[in-house]
Amino acid sequence: MRIHRIAAIPGDGIGTEVIAAGIEVLEALAAADGGFALQFEHFPWGSAWYLSHGRMMDEDGLERLRGFDAIFFGAVGSLEVPDHVSLWGLRLAICQGFDQYANVRPTRVLPGIDPPLRLSSPADIDWVIVRENSEGEYSGQGGRSHRGLPEEVATEVSIFTRAGVERIHRFAFELARGRPRRRLTLVTKSNAQRHGLVLWDEVFAQVARDFPDVATDKVLVDAATQRMVLKPGSLDVMVATNLHADILSDLAAALSGSLGIAPTANLDPLRRYPSMFEPIHGSAWDIQGKGIANPIATFWTAVMMLDHLGEAGAARRLMRAIEAATEARVFTPDLGGTARSADVTRAVLKALRRVPHS
Ligand code: IPM
Ligand code: MG
């Protein structure tokens with residue numbers, strides 16, 4: 001029996017609801033499979049923890065997480081703690097502390113979902129956004145001087161290192177190579193950002209020489225938003241900086257039907273540290289406790305986690321069950337339906353029982 005140890009960090013807002021649903025589905029999947037087991041340990045960190053402990057996680061939090069095979073993360077963000085405090089105290093502390101430099105964000109129009117665009121085929125939107133996840137605009141460097149005075153100044157410094165840029169490009173090329181269309185689009189803003197993003201362009205061209213089987217092109221980030229809307233079928237894998245890809249991935253999620261279905265993986269491809277898997281949607285405290293959060297993003301996130309753990313068969317089965325549930329249009333309000341979170345979970349569990357073991 002293969003045992004995978006998972007650290008569950010539900011965090012804030014609907015994070016607790018969707019992670020509970022995700023664990024329920026994962027446990028059912030593992031029990032039916034029989035070949036592997038998942039051992040969850042729960043960490044109660046987040047904004048509520050901050051209010052009683054003065055920190056977002058235990059001081060030795062990273063040490064405690066280090067031995068796990070993966071981290072299953074809900075969301076962080078609440079009204080009581082400033083966002084930059086909660087974020088840097090937990091989610092970004094984990095991403096950066098564990099050098100999870102590759103953030104992977106797949107987007108597809110799942111069966112049954114009506115996307116906001118008129119597409120010639122749902123397959124027009126079948127993208128993976130590869131987000132640089134360790135530096136760039138999220139490096140955390142900068143500062144504020146003369147606070148509160150009229151001459152106050154703040155800097156927010158983007159950092160791009162050759163090593164950081166090269167490793168994310170290599171990762172994106174490898175990923176693109178494994179997909180049927182083998183196409184990688186570089187998204188930058190190297191006309192205006194003439195240092196760091198010119199480095200991005202140059203390193204991309206160098207790495208491309210090692211991947212002659214991958215077709216490449218490049219587009220500026222503003223033009224990329226247009227292309228995603230007007231010519232979605234021309235895109236396959238995109239690689240972009242931390243902030244650019246953050247923005248593009250929200251657009252991608254909206255174009256696929258809802259932010260409520262979009263998953264992500266924060267990977268340390270070198271497997272020195274645990275990788276972290278989370279839905280993109282965030283804590284959505286406005287719908288917290290109402291039982292209407294869409295758990296699909298978390299289920300799809302679980303698929304990515306299973307793949308990372310080497311459980312490809314179980315990952316495929318879960319994805320098929322998710323698609324069966326969307327095909328049957330068991331939709332929460334974000335997708336225009338009236339189903340509750342529990343209805344979606346039940347539909348996926350039911351579909352799982354029908355998906356054959358391959
Ligand atoms: C995301 C989110 C986060 C990010 C927020 C919560 C800081 O928007 O994962 O896309 O920008 O990284
Ligand atoms: Mg975002």
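How exposed is R329, and what is its relative accessible area? I looked this up first in the predicted model. R329 has a relative accessible area of 45%.

**Entry: R329 backbone**

I then checked the backbone of R329. Its phi is positive, about 55°, although R329 is not a glycine. I traced R329 to the loop between α10 (312-327) and α11 (341-354).

**Entry: D99**

I went on to another positive phi. For D99 I noted a phi near 45°, again in a residue other than glycine. Where does D99 lie? I found D99 in the loop between α4 (83-97) and β4 (102-108). Is D99 buried or exposed? Its relative accessibility is 18%. D99 therefore counts as buried, since the cut-off is under 20%.

**Entry: A192**

Next I took A192. I placed A192 in the loop between β8 (183-188) and α6 (196-208). Its relative accessible area is 54%. I logged A192 as exposed because the value is over 50%. I also looked up a distance from this residue. The C-alpha atoms of A192 and L220 are separated by 9.8 Å. Along the chain, A192 and L220 are 28 residues apart.

**Entry: ligand 1, surroundings**

I turned to the ligand. Which residues surround ligand 1? I listed L87, R91, R105, R131, Y138 and D246. I sorted this shell by residue class. Two of its residues are nonpolar and four are charged. I found no polar residue in the shell. Which pocket holds ligand 1? I found ligand 1 in the second largest pocket.

I looked up distances from ligand oxygen atoms to side-chain N or O atoms. What is the distance for R105? An oxygen atom of ligand 1 lies 2.7 Å from an N or O atom in the R105 side chain. For the side chain of R131, I noted 2.8 Å between an N or O atom and a ligand 1 oxygen. For D246, a side-chain N or O atom is 2.8 Å from an oxygen atom of ligand 1. How much of ligand 1 does the protein cover? On its own, ligand 1 has 310 Å² of accessible area, and the protein covers 75% of that.

Technical notes
Residues numbered from 1 in each chain as written. Chains lettered and ligands numbered in written order. Predicted model: local features only at pLDDT ≥ 70, side-chain atom pairs only at ≥ 80, totals over all residues. Heavy atoms only, no water. Near = heavy atom within 4 Å. Polar contact = N/O pair within 3.5 Å; in protein donor to acceptor, adjacent residues only side chain to side chain. Areas by Shrake-Rupley, 256 points an atom, 1.4 Å probe, with all protein chains shown as cover. 1 Å grid on protein atoms, 1.4 Å probe; cavity = no way out; pocket = protein on both sides within 12 Å on 5 of 7 lines; lining within 4 Å. Sits in = over half its atoms within 2 Å of the grid points. Nonpolar A, V, L, I, M, F, W, Y, C, P; charged D, E, K, R; others polar. Helix = DSSP H or I, 4+ residues; strand = E, 2+ residues; numbered from the N terminus. Buried < 20%, exposed > 50% of the residue type's maximum accessible area, 1.4 Å probe, protein only.
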